[in-house]
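Subject: Structure handover

Hi,

Here is the structure I promised to pass on. Please open it first, then read my notes below.

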Amino acid sequence: MPSPADLFTIPLDDWINTFVRDWLVPNFRPAFRAMQWPVTQVLNGLEAFLQAVPMAVFTVVLAAIAWRTAGRGVALFTLVSLIFIDLIELWPETMTTLAMIVTAVLFCTVIGVPVGIAAARSDRFLAVLRPVLDIMQTIPPFVYLVPIVMLFGVGMVPGIIATIVFALPPIIRLTNLGIRNVRGDLIEAGHAFGSTPWQMLWEIQFPLALRTIMAGLNQTLMLALSMVVIAALIGAGGLGLVVFTGLGRLDVGNATAGGIGIVIIAIILDRITQALGERRQVGGTSLWSTLKGLFRPAAAPTVEAPERQADRPA
Amino acid sequence: MFVPDAMSSKIIAKNVYKIFGEQPETALEMLRQGRSKDEILRETGMTVGVRDTSFTVEEAQIFVVMGLSGSGKSTLVRMINGLIPPTAGEILIDGDDVAAADAQKLRQIRRDKVAMVFQHFALFPHKTVADNVAYGLKIKGMKAAERRQRAEQALAQVGLEAYADSYPEELSGGMQQRVGLARGLAAEPEILLMDEPFSALDPLIRRDMQEELLELQRSMKKTIVFITHDLNEALILGDQIAIMKDGRFVQVGTAEEIVGAPADDYVAAFTQDIDRSRVFTAGSVAQPAEPVELGKDTVAVALERMERLGRDALYVVDGKRIAGAVAYRDLAPLAREDGSLESALITDYPKATRTTQLNELYPLAQSGLPIALVSRRGALEGVVAPQDVFGKLAGTDEPPTEPASA
């Protein structure tokens, strides 16, 4: 069968190779390297902290947070499953993965929420942004692993950057959606009392969109977790590496153990963030009360919680 | 030009237009050529919200704009505080043109002068009642303690001080709208825009709220622009009432003018079902009293006057004071005996004031005597004959000016 390719072919792969290797990498490598810096700082700090916190303290604190936000069942699950992770000797790997995930989600939030707000305010910006988000969500991560390695090198931080690219779209989309869905009459009331655009955002739009934004955060978190193994391909450690190594050696046991660790972390974080988003839907979701809700239990129950936990299992 | 009475005119709108669409200029031109709203929609796809509307609201007055949905009344009220910018025309608040104000100036006007109350309350669900009420104050940068105090004062005005720390959805509809009203009042604006504030409430609560608003207005004396689709509400509240249809005013006037002399069939159709006894006052059916004077006029004079006026009773005054009433059937036997007026004097006579509503006259009309209209100082200002009350209610008191008013 004759086809157009008989007459003419486009050397797309060559063009891209030329573009990335001969132009992007030599010219922008230092710039991309510099972008790594804040990620490295946050990751190192967080990982050092999580590895330093004794297992028992961390377990109790996270269980207490789960108890405050998502209720007793999730708290119990957190307690039991974290002990289980320690028993299968994956605690340090789990903490590394957790540090990676939290770092990735943190940067997704820092980038995604302002971008989402900007998209909600400008239809033109959204029109430009939407195809970019579509590409980010549909392109297989393996495609951008190579240029990321070329630009950032291998290791934890490039892994996190790949994770950010993969996990960013939901929080942007849902921030945009949440802000656009704030009731029109409330916006009108805000205008009628003379709010500035900033006051409108801070006093009305953002608090009312918070539930939807939290749903976006939850989605971003889940996507970030699903990138753990893929990120291990370019040198990220943690549970992903356990799975990846198990895969390489056909070691079913190790791969499964790492997988279970990832699932446990996913369930705990999912339940807690979901509960944060859904909570107080009756009493209203003020930004501060949600944030306070996050931090309040973390401070106190370190002391109280062991007693509560102690008298329960009986 | 400085108009002498501009001091008391709080809001002046001059030839205001609002057209929603891509090229408002085109539609504006078509309107000026006399094309109709429907024609413009059909040919250009643009909607005429408000066309060529001018009005003046005096200070401390309640100006009610009444119209059905789609008549442009909500658009009109939003142009007063610039939520919707007019396509053409001027809207002056204390002489400042809102239509020409920039964002900064507009915010200033909204913060300091014009507050708004919304149909569906538009309370912020994530803030407590007190924080809702204090919103305008917070926006202005007032300190937390001070605005809390002001919010509590405003809540006390509407009787909800106990609910300061509740959330809006814990309150009933009527209470929520009281919060909306308190939010409007907290910033102490000079002008209150109320966009169908009571339409979403049950009829009984609506009646309460109307009375409460009038009660509040007696002490606060705000300039109020009130939007409604309910003519009864308009008649109860409005000092001036504008009837709006297809983006323009068809009639502007007091309640008595609207019901008494509807400008066209459209207004007449609305006024048909109105309880006229609540609109008209005793003053509207008053006749000159033509009293007889005690100790001066004789029985014969009184009888002669009754016959001339075709009445069966007259009031008797003693100087400025009302002494009582005399009835024809009592006086007639006395005429031959040449008795005095005093012996037939009825001192238990019905009385009212000029502003008494007709529905309050019904029990007074049972005595059979004309009702005396008494001034605040006790002087006789006129009389109301019972049959005139019913004539007014039936709308047959004067020859109909429009054939359609039947």
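Read from one end of the sequence to the other, chain A runs α-α-α-α-α-α-α-α-α-α-α-α-α-α. That is 14 helices and zero strands. Please keep in mind that this is a predicted model.

**Chain A overall**

Chain A has 314 residues, and 47% of them count as buried. Take the contacts in chain A between residues at least 6 apart in sequence: 79% of these join residues at least 24 apart.

**A helix pair in chain A**

Look at helix α2 (residues 55-70) and helix α12 (residues 252-278) of chain A. Their axes come within 9 Å and cross at roughly 35°. The crossing of α2(A) and α12(A) is left-handed.

Which residues meet there? From α2(A) they are Leu62(A), Ile65(A), Ala66(A), Thr69(A) and Ala70(A). From α12(A) they are Ile268(A), Arg271(A), Ile272(A), Ala275(A) and Leu276(A). By type, the residues of this contact split into eight nonpolar, one polar and one charged.

Arg271(A) also has a salt bridge, with Asp270(A), at 2.5 Å from N to O. Arg271(A) has a relative accessible area of 39%, so it is partly exposed. Asp270(A) is at 10%, so it is buried.

**Where the chains meet**

How much area do chain B and chain A bury between them? The value is about 2000 Å², with 59% of it on carbon and sulfur atoms. Chain B gives 25 residues to the contact, and chain A gives 23 residues.

Three salt bridges are found across the interface of chain B and chain A. One of them pairs the side chains of Glu188(A) and Arg78(B), at 2.4 Å from N to O. Glu188(A) sits in helix α8 (residues 184-192) of chain A and Arg78(B) in helix α3 (residues 73-80) of chain B, so this pair joins two chains. Buried or exposed? Both Glu188(A) and Arg78(B) are buried.

There is also a salt bridge between the side chains of Lys127(B) and Glu203(A). Here the N to O distance is 2.6 Å.

**Other salt bridges**

Over all chains the count of salt bridges comes to 26. One inside chain A links Arg173(A) with Asp134(A), with the closest N and O atoms 2.6 Å apart. Arg173(A) is in helix α7 (residues 156-180) and Asp134(A) in helix α5 (residues 123-138) of chain A, so the pair ties together parts that are 39 residues apart in sequence. Why do both partners count as partly exposed? Arg173(A) has 27% relative accessibility, and Asp134(A) has 35%. Buried would need under 20%, and exposed over 50%.

Start with Ile84(B). Ile84(B) lies in the loop between α3 and β4 (88-93) of chain B. Its relative accessibility is 15%, so Ile84(B) counts as buried. Leaving out residues up to four places away in sequence, Ile84(B) touches Lys18(B), Phe20(B), Thr75(B), Arg78(B) and Met79(B). Arg78(B) is the partner of Glu188(A) in the salt bridge described above. Ile84(B) and Leu171(B) are 87 residues apart in sequence, and their C-alpha atoms are 30 Å apart in space.

Next, Ser277(B). Ser277(B) is in helix α13 (residues 276-279) of chain B. Why is Ser277(B) classed as buried? Its relative accessibility is 3%, and the cut-off for buried is under 20%. Setting aside neighbours within four places in sequence, Ser277(B) contacts Gln357(B), Leu358(B), Asn359(B), Tyr362(B) and Leu393(B).

Last, Tyr328(B). Tyr328(B) lies in helix α15 (residues 328-337) of chain B. At 31% relative accessibility, Tyr328(B) counts as partly exposed. Not counting residues up to four places away in sequence, Tyr328(B) touches Leu303(B), Met306(B), Glu307(B) and Asp312(B). Between the C-alpha atoms of Tyr328(B) and Glu152(B) there are 62 Å, and the two are 176 residues apart along the chain.

Best wishes

How values were computed: Residues are numbered from 1 along each chain as its sequence is written. Chains are lettered from A and ligands numbered from 1 in the order in which they are written. This is a predicted model: local features need pLDDT of at least 70, side-chain atom pairs count only at pLDDT 80 or more; totals for chains, interfaces and linings use all residues. Side-chain values use heavy atoms; hydrogens and water are left out. Axes are lines fitted to C-alpha atoms, for helices over the stretch in contact, and angles run from 0 to 180 degrees between N-to-C directions. Helices (H or I, at least four residues) and strands (E, at least two) are DSSP runs, numbered from the N terminus. A crossing is left-handed if the near helix is turned anticlockwise from the far one by less than a right angle, and right-handed if clockwise. Contact means heavy atoms within 4.5 Å. Ala, Val, Leu, Ile, Met, Phe, Trp, Tyr, Cys and Pro count as nonpolar, Asp, Glu, Lys and Arg as charged, and the others, Gly among them, as polar. Buried means under 20% relative accessible area, exposed over 50%, partly exposed in between (1.4 Å probe, protein chains only). Buried area is the accessible area (1.4 Å probe) that two parts lose on being put together, summed over both. A salt bridge is a side-chain nitrogen of Lys or Arg within 4 Å of a carboxyl oxygen of Asp or Glu.
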